[in-house]
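Please look at the charged side chains of this protein and consider how some of them pair with one another.

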Amino acid sequence: QLPADLTKMHLTDNPHPQVTHVPSSQSGCSIASDSGSSSLSDIYQATESEMGDVDLTGLPEAPVDSEDEEEEEDEDIDRTSDPLLGRDVVRECLEKEPADKTDDDIEQLLEFMHQLPAFANMTMSVRRELCSVMIFEVVEQAGAIILEDGQELDSWYVILNGTVEISYPDGKSESLCMGNSFGITPSLDKQYMNGVVRTKVDDCQFVCIAQQDYWRILNHVEKNTHKVEEEGEIVMVKEHRELDRSGTRKGHIVIKATPERLIMHLIEEHSIVDPTYIEDFLLTYRTFLTSPLEVGNKLLEWFTVDSLRDKVTRVVLLWVNNHFNDFEGDPAMTRFLEEFEKNLEDTKMKGHLRLLNIACAAKAKWRQITLQKPSRDSPLFFSLLGGSDKGFGIFVETVEIGSKAAEAGLKRGDQV
């Protein structure tokens, strides 16, 4: 079992985010897939080496409301519209003896089991091994006693269907439903049931894992994990994984860490088995951080370090390209982007600056703003730059903070 102080860490078990459909927001956020992010990295490298014109066609676009994706989504819905079909496949896999389960069977079980609370805080390798040894049991009648008070325990049980009640000797009772577990803890010591476990409904289904297997698998996780400690406290846990049987694609993937350590890992070297860490972080950081500025301020701080500058720039470029709504809808994040742009100018990183401008322009959208003036001579509270005499379009150069123009939504960089 993982130490108690890991409860404040956050599970990031899936290293490959899928293209996610999100509700249309005011700023029209788009989320790019892994392939889009990779091509952005390619452009990033090409732009740094070449100061000439940049080919805009290379910039990845992954609008979530495209017709093709809607058609694919409809097909996915049709395929998965019958949940009973999926459960039948899982049951067929469960009813096989452990020795008869194929790799495909275990993958089917793994996909189903990882949704259950009992398996939530386990690593992928532990879940997979548990799926390979679990036994399926069904208790057809309600009121049947599964475990007596004081009975010696020999298995760990997870409920797949139905409800059980545990009646304790002190008169208290507890109901457990789908996804909950009961039985032994991962130890080879003799353990005895405290209370009576009985079914509350008909057709209760369980998976059972023998004590020996449960202890062996959960203790084996210690050999597969690497813990990072700072000042005596565990701040990150990595799991060793192999993506193929040849052994060429193997390494450690981050599965848990404190929020501060997750941010720091953005600029660290990433394993070959965890190539999309930055994309994963940018997709999920709002679940464990209160403000995106926590990330932005650290990136500005790291930008001052020469050896980290390229890595910081890549993070920001991916952020702008994949989640432009984080900046467009937040004045504080817009100011962060302006400060980062100024830093690129000051350090003469012209290629990176050009790519940042391309990404912002590609993700921007049309909008209409109405400004009302009390009289013709009243100030506008913003200034413009450009025009035909300058050879480029008309852009908003400055907007007075707190003015009517700012309240209406006019922003520096807007093209009229």
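The paragraphs below go through several salt bridges and the surroundings of their partners.

This is a predicted model, in which local features need pLDDT of at least 70 and side-chain atom pairs count only at pLDDT 80 or more, while totals for chains, interfaces and linings use all residues. Residues are numbered from 1 along each chain as its sequence is written, and side-chain values use heavy atoms, with hydrogens and water left out.

Side chains of opposite charge can pair when their charged atoms come close. Here a salt bridge means a side-chain nitrogen of Lys or Arg within 4 Å of a carboxyl oxygen of Asp or Glu, and by this rule the model has 14 salt bridges.

One of them joins Lys96 to Asp105, with 2.7 Å between the closest N and O atoms. Relative accessible area (1.4 Å probe, protein chains only) sorts residues into buried, under 20%, exposed, over 50%, and partly exposed, in between. Lys96 is partly exposed at 34%, whereas Asp105 is buried at 8%.

Another salt bridge links Arg309 with Asp306 at 2.9 Å, N to O; Arg309 is buried at 17% relative accessibility, whereas Asp306 is exposed at 59%. Elsewhere, salt bridges that share partners connect Glu129, Asp213 and Arg216 in one network.

Asp213 is partly exposed at 22%, and Arg216 is partly exposed at 38%.
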